[in-house]
Amino acid sequence: MKMKNKCPKCGSSDIIIVPGKAGAYGTGNNIQVGWSNFSAVLVDRYVCGECGYSEEWIDKDDLQTLKRKYQ
């Protein structure tokens, strides 16, 4: 969905992008990698406006941060 702007399930191009966010007490769509929200890795959601299928994507620049923490 992120790359082709098309739903892989139904073929719709009605894609809603919900940007990742880090709020108080770890709220929002993120992965905590440290003690503060400033160290959170944001997770963007791509949702099909037709069938509701969704995918979550992490920015490529943040992958190394996740590897250091969880691998």
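This is a predicted model: local features need pLDDT of at least 70, side-chain atom pairs count only at pLDDT 80 or more; totals for chains, interfaces and linings use all residues.
1. **The overall plan.** Let's begin with the order of the elements: read from the N terminus, they run β-β-β-β-α. In other words, the chain has four strands and one helix. The radius of gyration is 14 Å, well over the 11 Å that the globule rule gives for 71 residues, so the chain is more spread out than a compact globule. You can look for this in the C-alpha trace, which spans about 40 × 25 × 15 Å along its principal axes.

2. What share of the 71 residues is buried? Buried residues make up 23% of them. The accessible surface of the chain comes to about 5300 Å², and carbon and sulfur atoms account for 52% of that surface.

3. **Charges.** Count the charged side chains and you will find 10 positive and 8 negative ones. The centres of these two sets lie 6 Å apart.

4. **Strand S3 and its partners.** Strand S3 covers residues 41-48 and pairs with S1 in the antiparallel sense, over four bridges. Within S3, Tyr46 is the residue that stands opposite Ile17. S3 also pairs with S2, again antiparallel, over two bridges. Here Ile31 has Val41 of S3 as its bridge partner. While you follow these strands, keep one general idea in mind: in a regular strand, side chains alternate between the two faces of the sheet.

5. How many bridges join S3 to strand S4? There are five, and the two strands run antiparallel, with S4 made of residues 54-58. One of the bridge pairs is Arg45 with Glu56 in S4. Five residues lie between the strands of this hairpin, where Gly52 takes a positive phi near 90°.

6. **A closer look at Ala22.** Where does Ala22 sit? You will find Ala22 in the loop between strand S1 (15-18) and strand S2 (30-31). Ala22 has 30% relative accessibility, so it counts as partly exposed, since that class lies between the 20% and 50% cut-offs. Leaving aside neighbours within four places in sequence, Ala22 is in contact with Thr27, Asn30, Asn37, Ala40 and Leu42. Tyr46 is 24 residues from Ala22 along the chain, and their C-alpha atoms are separated by 17 Å.

Note on methods
Residues are numbered from 1 along each chain as its sequence is written. Side-chain values use heavy atoms; hydrogens and water are left out. Buried means under 20% relative accessible area, exposed over 50%, partly exposed in between (1.4 Å probe, protein chains only). Contact means heavy atoms within 4.5 Å. Two strands pair if DSSP finds at least two bridges between them. The radius of gyration is taken over C-alpha atoms; the globule rule is 2.2 Å times the number of residues to the power 0.38. Accessible areas come from the Shrake-Rupley method with a 1.4 Å probe; for residues, only the protein chains shown count as cover. Lys and Arg count as positive and Asp and Glu as negative; His and the chain ends are not counted. The place of a charge is taken as NZ of Lys, CZ of Arg, CG of Asp or CD of Glu.
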